[in-house]
Amino acid sequence: MKLVASLTSPYARKIRVALAEKGLPFTLEVDIPWLAETSVPDYNPLGKVPALVADDGEVWFDSPVIADYLETLGGPALIPADRLAALPVRQSEALADGLTDAAVTIFLETRRPEAQQDPATIERQITKIHRGLAALELRVSARKGLGGSSLTIGDIAAACALAYLDFRLNHLVWRSAHPELAAWAATVLARPSFLDTTPPAA
Ligand SMILES: N[C@@H](CCC(=O)N[C@@H](CS)C(=O)NCC(=O)O)C(=O)O
């Protein structure tokens, strides 16, 4: 099994953490989709990482789909087998991935020449991040698809989203307003699967 990923992508980190937590062996092919020489479109027509090449040659992309595929391979379950019980976990995952989408949009906007940046776009995404953080705080307080007794893909996605805020938007101070989320994240981010996938300074 081969994972095509960049070392800074929070979506790819989500899958690298899931693979580590499940103890599934894989090779990592590092590829940066923004470079002209990238091979990512050979795996995913959308040109995005992560993409997973299964042992049977099938290629899976979009991190929630890859997460579903990994559940078929064994290891500790990261998604409840019962479809109804899985929904709160998938909802937390969707919320976290959406928060990540907003953070990535801001990061990309701020990399454009200053005169071309649109403050309204940035403000709109910041609002999504604040609402997303508030929703994650509520979910972790209620243990609703987040912060339960065993690690899930919702937990992994949320921790990757929060770590990405620290990595790319570290001026955005989120811990003081979301104390339960901050305490929970500190525990999850200390797991070896997260420590081993810390993005390089970039
Ligand atoms: N929904 C996708 C998002 C993947 C994504 O946007 N990856 C970024 C890296 S952080 C990417 O490859 N971007 C390249 C591009 O948009 O051309 C997932 O969950 O896998």
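Q: How many helices and strands are there in the protein?
A: This is a predicted model; local features need pLDDT of at least 70, side-chain atom pairs count only at pLDDT 80 or more, and totals for chains, interfaces and linings use all residues. Residues are numbered from 1 along each chain as its sequence is written, and side-chain values use heavy atoms, without hydrogens and water. Helices (H or I, at least four residues) and strands (E, at least two) are DSSP runs, numbered from the N terminus. The count is 8 helices and 4 strands.

Q: What is the radius of gyration of the protein?
A: The radius is taken over C-alpha atoms, and the globule rule is 2.2 Å times the number of residues to the power 0.38. For 202 residues the rule gives 17 Å, and the protein comes close to that, so it is as compact as a globular protein of that length. Its radius of gyration is 17 Å.

Q: Which residues of helix H3 are buried?
A: Buried means under 20% relative accessible area, exposed over 50%, partly exposed in between (1.4 Å probe, protein chains only). Helix H3 spans residues 63-71. Its buried residues are Ser 63, Ile 66, Ala 67, Tyr 69 and Leu 70.

Q: Which elements do the buried residues of H3 pack against?
A: Contact means heavy atoms within 4.5 Å. The partners include both helices and strands. They are helix H1 (10-22), strand S3 (51-53), strand S4 (59-61), helix H4 (83-110) and helix H6 (153-168).

Q: Which residues does Thr 152 touch, not counting those up to four places away in sequence?
A: Thr 152 sits in the loop between helix H5 (119-142) and H6. It counts as buried, at 11% relative accessibility. Its contacts are Leu 78, Val 89 and Gly 145.

Q: Which residues does a cis peptide bond join?
A: Most peptide bonds are trans. Here omega is about 10°. The bond joins Val 49 and Pro 50.

Q: What is the phi of Asp 62?
A: Asp 62 lies in the loop between S4 and H3. Asp 62 is partly exposed, with a relative accessible area of 44%. Its phi is positive, near 80°.
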